[in-house]
Amino acid sequence: MPSTILHGTVTALATVLLATTAAYADSGPGSPADTTPPVKIDAGASGLKLRSGAKLAPGRVLDIKSVVETDGGEERREDTNVNVTFALQAEVLFDKDSAELSGAANARIGAIASEVKKQHATALRIFGFTDNLGSADHGVALSKERANAVQRQLAKNLGSAAIRYEIRGYGEQYPISDNTTEDGRRKNRRVEVSFPRR
């Protein structure tokens with residue numbers, strides 16, 4: 001095959017792959033961090049001590065993540081520059097293979113609602129996840145039902161019609177631990193609630 005035809009074929013294939021990737025609507029539960037500097041940086045400021053001919057690199061903010069988790073991993077809170085995320089293991093909220101909230105779940109969801117109010121959040125993302133046991137379809141359905149149950153309880157606690165909810169069930173997608181062990185599967189069976197920091 002002549003190299004010009006091969007090059008054209010590779011270029012066309014790369015274009016199709018890029019177009020396919022760009023068209024995918026669901027970027028997953030995480031969102032990229034905003035690294036835009038909060039203030040404009042003046043590269044010509046007199047206080048800068050740059051060598052002659054040196055240039056200041058563009059400013060950016062590093063996305064620092066703080067993670068606090070209970071000893072057993074039942075609850076986890078992640079704080080970044082842009083988001084607050086709470087993750088609760090399914091066993092903390094539900095009975096096995098159930099989407100009905102347990103009595104203990106209400107207090108834990110109430111604590112999340114308090115933080116939502118404190119941050120004055122108006123948009124909440126509530127995502128459900130399962131482990132890789134059972135069928136994928138069942139996992140997606142169960143994780144969505146569980147996310148819906150958490151959203152309904154949060155809405156009761158928050159009592160505000162001004163809050164927008166994004167609810168999804170991802171099933172076994174996006175594991176945070178190893179699905180080959182029971183401890184890992186337990187961590188993967190979770191509901192995450194995230195919202196922007198203020």
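Val 68 has Arg 77 of strand β2 as its bridge partner, a pairing that belongs to the four bridges joining strand β1 (residues 66–69) and β2 in the antiparallel sense. Two strands count as paired if DSSP finds at least two bridges between them. Helices (H or I, at least four residues) and strands (E, at least two) are DSSP runs, numbered from the N terminus. This is a predicted model, in which local features need pLDDT of at least 70 and side-chain atom pairs count only at pLDDT 80 or more, while totals for chains, interfaces and linings use all residues. Residues are numbered from 1 along each chain as its sequence is written, and side-chain values use heavy atoms, with hydrogens and water left out.

**The chain as a whole**

- The chain has five helices and six strands, and along the sequence they follow the pattern α-β-β-β-α-α-β-α-β-α-β.
- Of its 198 residues, 31% count as buried, where buried means under 20% relative accessible area, exposed means over 50%, and partly exposed lies in between (1.4 Å probe, protein chains only).
- Among the contacts (heavy atoms within 4.5 Å) with a separation of 6 or more, 67% come from residues 24 or more positions apart.

**Strands β1, β2 and β3**

- Five residues lie between the strands in the hairpin of β1 and β2, where Gly 73 takes a positive phi near 80 degrees.
- A second hairpin links β2 to β3 through three residues.
- Five bridges pair β2 with β3, again in the antiparallel sense, and here Glu 75 stands opposite Leu 88 of β3.

**Strand β4 and its partners**

- Six of the seven residues of β4 (residues 123–129) are buried, so this strand is largely enclosed by the rest of the structure.
- From β4 the chain crosses through helix α4 (residues 136–158) to β5, making a right-handed β-α-β crossover: with the strands pointing away from the viewer, the path from the first strand over the helix to the second runs clockwise.
- β4 and β5 (residues 164–169) run parallel and are joined by six bridges, with Phe 127 partnered by Arg 168 of β5.
- β4 also pairs with β6 (residues 190–196), antiparallel and over five bridges; there, Gly 128 has Val 191 of β6 as its bridge partner.

**Helix α3**

- Helix α3 (residues 103–118) has 16 residues and spans 24 Å from its first C-alpha to its last, close to the 22 Å expected at 1.5 Å a residue, the expected span being 1.5 Å times one less than the number of residues.
- Its buried residues are Ala 105, Ile 109, Ile 112, Ala 113, Glu 115 and Val 116.
- Viewed down the axis of α3, these buried residues fall within an arc of 160 degrees, so they line one face of the helix; the arc is that of the directions from the helix axis to the C-beta atoms.
- These buried residues pack against β2 (75–79), β3 (83–89), α2 (90–93), β4, α4 and β6.
- On the face of α3 turned away from its buried side sit the exposed residues Gly 103, Ala 107 and Lys 118.
- Just after α3, His 120 takes a positive phi of about 55 degrees.

**Tyr 174**

- Tyr 174 lies in the loop between β5 and α5 (182–188), and its 29% relative accessibility makes it partly exposed.
- Tyr 174 and Asp 131 are 43 residues apart in sequence and 9.6 Å apart in space, C-alpha to C-alpha.
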